[in-house]
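Please examine the sequence and the three-dimensional structure shown below. The report that accompanies them is arranged by topic.

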Amino acid sequence: MSALEKAFTSKPGKAIAAKAGLKEPPRLARGRTWPEGAIVLAEIGESTLARETLALLGRSVESPIVDDGQEPAPGYGSRIGALVVDATGVTTIDQLEQLRAVLRPAVRGLAKSGRIVTLARPAEGDWEQRSVARALDGINRTVAKELRGGATATLVRVTPDTVAGDLVSTLGFVLQGRSAFVDGQAWSVGHTDSPATALDDRPLDGKVVVVTGAARGIGAAIARTLARDGAHIIAVDIPAAGESLAAVANEVGGSALQLDITAADAGRRIAEHAARAGGIYAVVHNAGITRDKMLVNTDAARWASVLDVNLAAQIRINDILLDPATDGGLVDGGRLVGIASTSGLAGNKGQTNYAASKAGVAGLVEAMAPDLAERLITVNAVAPGFIETEMTGRIPFVQREIFRRSNSLSQGGRPVDVAETIGYLLDPASKAVTGQVIRVCGQNLVGA
Amino acid sequence: MTHNAVVLGGNRIPFAKAGGPYAEASNHDLLTAALDGLVARFGLAGERLGEVAGGAVLKHPKDFNLTREVVLSSALSPSTPACDLQQACGTGLETVVYIANKIALGQIDVGIGAGVDSASDAPITVSDGLKRALLKANRARSAGARVKALAGIRPRHLAPQAPGVAEPRTGLSMGEHQALTTARWGIGRAEQDELAAASHHHLAQAWKDGFFDDLVTPYLGVAADAIMRPDTTVEKLGALKPVFGGPEGTMTAGNSTALSDGAATALIVSEEWAAARGLTPLARIVDAEVAAVDHPGGADLLLGPVAATGRMLARRGLTLDDVALVEIHEAFASTVLATLKAWEDAEYCRSVGLDSPIGSLDRSRLNVTGSSLAAGHPFAATGARLVPTLAKLLHERGPGTKGLISMCAAGGQGVVAILEAV
């Protein structure tokens, strides 16, 4: 810790910073915790999807306070934990007023780490309807920026055939503390046969999950979180990281595989290791490197190594593990998760190679998802923003403090926040979620 | 009922020169690291195994029950029993044989053979004079008697005593013994340096090929064997001065093993246990034998394994031609060369009770991934390094491929074993 950082984080330093307008960031509720306070359900139209999904989650709901033009505007007596708006019936600009009328009292009455969740249809129909679908996105992003005390807003797109069982894992994740650092985001849920009937606290019991880059940082957190959810972890990292890799594997009761994922036989060796456990349920392609330089200083070697580790290697490994002839490959109904990055989605100075690889991951999952739908394999990505790790800890203090505060939650995320989002995607109940890229960035100011 | 004991794999930490990166680590630390790496590789965290056998040649009194204490520090279930064994430099192989025998008899179905040594953390003891004075003072009943007892301590009593490296019955160090053998068998300097260079080159190539990716786990930031010199040459080795055998001697620091720190483990299970877990065994432990020679009576101290090798091969109806790969522990380059000569020597073989010479070995089958000269030799660890290494090499060559391990040890002893790929 530098002298400047020590001074800043000391008691007097904090007092001065607060006077200068740098407030202590809110404490985010994490884990499998529900919002503290009532869950309010607002239904605009005939749909009962949200109501049925909340029933599957075992949550009782209360009716909304509606701002009907009286002054002063009506409010909630005590703080509410969440507002869920079923806006799947919203197709006209006029109907947006109904949304405003339930949002206004709720935003004011929301508890710390509260949630605003909006269900909406994908853009379809006539011109106005498609315009309104996009308007909901603008509302969600703005509400997320206005919320305080660690509260977040999320927009979930559901198709007309989506049923409560398709949505149960998504709504459970968004409402719980697991989604603490996911803010202002929108993603889609479809429909599959035999949807889930409840939220499971150990959804990965007995399932084999491969995590690459598992020796430290976000990878180690992924291994720990998925093991907590019941998974048997095959922890993969380069041989040189073997000591911490072994410690992680032993801690989570999994096994360690020392392997350079760029090796030509990497996929085969992962399959061989997994064959003893009866095949792989999920692969989390977390391993990644940075070789940052401004483009004018980026040579072919820096370019190639980042693209090979972060993107090409996982394509080669997927090819082997998706081959039905591979003993120990990915099972039908399995999961693939890639790690994109806000740098990839928004671009970042000095990271052309990294941005290429991470945007490439986003493109990859979008491309693979429809092709693997028949095998009920979902393919998704998470895109972390500023996460507090050993790696980001090496960024100079002032720059780091700016990065970590440049989002709606005014703080860096934790490795566990990325891990929880991956846990949600791996949940067997999330089988109707595929081809999505979910940012875990606290609504970082950069990025789409 | 007997069972096949098979080698599933192993794990060691990189070996390093004494006083190097592991200078502050104890036997306990080194062996725990090696064991935890093995547990991680095979997903054994929290499991109760049949037994862990381990040992060290240089042991502190505090290393009492060393292996059991290591198990308690490891990720294994605390209900895994353990024992300490010691057979000098043969310890690591003897622990594997001990576990394999228990598995063969059906007493256990999974166990670990292991060895560790830290020449950095060698047990330093106090002199007998100081010990007597302290014990006398402790027994004293009055302050006066205590002062009187302590007054008996002389400055010469205060010098710490390093562990003895000499053979107790001859007073000669192992190197001095081997120098006698080197001269007796006419082993030249050049061939010793060639063998040492080959050891480094073979080991370096194996590291480069990723051969050790599933045999070694880094420790304290050391990711590869630290004694290894990939770029050494016969010329460079030829420039070193002799350290044993006088000014005319041929044995140097380059063709003798360095004092080393390290630990190694081997996972030995029954075939049934491996099958139930869906794990692929590398090699079966076919046979093993320990022999000894009368070195106080003048026999070559480190040629103990010759008689054991001959008897074991004969018992199994095998000849050297049936053995695809041979691992001869490189205590000194000249030990390996003298062993090879002894195998060919009808008279020597007869003198140790063998009917015929063992035969001549094609060098391309010897220590193909290097051995102790390049990797280092933490005494008790070496046997547990050799077993998984050879098992993996044999497995790569296909079922039925046989290999031989020959290890010399202090006290004129030798431990040998045959593995066969499954």
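This is a predicted model: local features need pLDDT of at least 70, side-chain atom pairs count only at pLDDT 80 or more; totals for chains, interfaces and linings use all residues.

## Overall form of chain B

Chain B contains 14 helices and twelve strands. Its radius of gyration is 22 Å, close to the 22 Å that the globule rule gives for 422 residues, so chain B is as compact as a globular protein of that length. Along the principal axes, the C-alpha trace of chain B spans about 75 × 55 × 40 Å.

Of the 422 residues in chain B, 55% are buried. When contacts in chain B between residues at least 6 apart in sequence are considered, 81% of them join residues at least 24 apart.

Two packed helices are described by the angle between their axes and the distance between the axes.

Helix H7 (residues 189-208) of chain B packs with helix H11 (residues 333-344) of chain B at an angle of about 110°, and their axes are 9 Å apart. H7(B) and H11(B) are therefore roughly perpendicular to each other, since angles of 65 to 115 degrees are placed in that class. On the H7(B) side, the residues that meet H11(B) are Glu191(B), Gln192(B), Leu195(B) and Ala196(B). Their counterparts in H11(B) are Ala333(B), Ser334(B), Val336(B) and Leu337(B). Sorted by class, the contact of H7(B) with H11(B) has five nonpolar, two polar and one charged residues.

For helix H3 (residues 91-104) and helix H14 (residues 382-397) of chain B, the packing angle is about 60° and the axes are 5 Å apart. That angle makes H3(B) oblique to H14(B). H3(B) contributes Thr91(B), Gly92(B), Leu93(B), Glu94(B), Thr95(B) and Val96(B) to the contact, while H14(B) contributes Thr382(B), Gly383(B), Ala384(B), Arg385(B), Leu386(B) and Val387(B). The residues of the contact of H3(B) with H14(B) comprise five nonpolar, five polar and two charged.

Helix H4 (residues 128-139) and helix H5 (residues 143-150) of chain B pack at an angle of about 180°, with 8 Å between their axes. H4(B) and H5(B) are therefore roughly antiparallel to each other. Ala133(B), Lys136(B) and Ala137(B) of H4(B) form the contact with Arg146(B), Ala149(B) and Leu150(B) of H5(B). In this contact of H4(B) with H5(B), four residues are nonpolar, none is polar and two are charged.

## The two domains of chain A

The domain assignment divides chain A into domain 1 (38-189) and domain 2 (208-440). The C-alpha centres of domain 1 and domain 2 of chain A lie 30 Å apart. Their contact takes 19 residues from domain 1 of chain A and 16 residues from domain 2 of chain A.

Which elements give two or more residues to the side of domain 1 of chain A that touches domain 2 of chain A? They are helix H5 (127-146), helix H6 (164-175) and strand S6 (185-189) of chain A. H6(A) provides the largest share of this side, five residues. By class, the side of domain 1 that touches domain 2 in chain A has eight nonpolar, seven polar and four charged residues.

## Contact between chains A and B

The contact between the chains involves 15 residues from chain A and 19 residues from chain B. On the side of chain A that touches chain B, helix H8 (242-251) and strand S9 (255-258) of chain A each supply at least two residues. The largest share of that side, five residues, belongs to H8(A). The residues on the side of chain A that touches chain B are divided into seven nonpolar, six polar and two charged.

Methods
Residues are numbered from 1 along each chain as its sequence is written. Chains are lettered from A and ligands numbered from 1 in the order in which they are written. Two residues are in contact if their C-beta atoms, placed from the backbone, lie within 7 Å. Helices (H or I, at least four residues) and strands (E, at least two) are DSSP runs, numbered from the N terminus. Ala, Val, Leu, Ile, Met, Phe, Trp, Tyr, Cys and Pro count as nonpolar, Asp, Glu, Lys and Arg as charged, and the others, Gly among them, as polar. The radius of gyration is taken over C-alpha atoms; the globule rule is 2.2 Å times the number of residues to the power 0.38. A residue is buried if 20 or more other C-beta atoms lie within 10 Å of its own, exposed if 12 or fewer, and partly exposed in between; C-beta atoms are placed from the backbone. Domain bounds come from an automatic or database domain assignment. Axes are lines fitted to C-alpha atoms, for helices over the stretch in contact, and angles run from 0 to 180 degrees between N-to-C directions. Angles under 35 degrees count as roughly parallel, over 145 as roughly antiparallel, 65 to 115 as roughly perpendicular and the rest as oblique.
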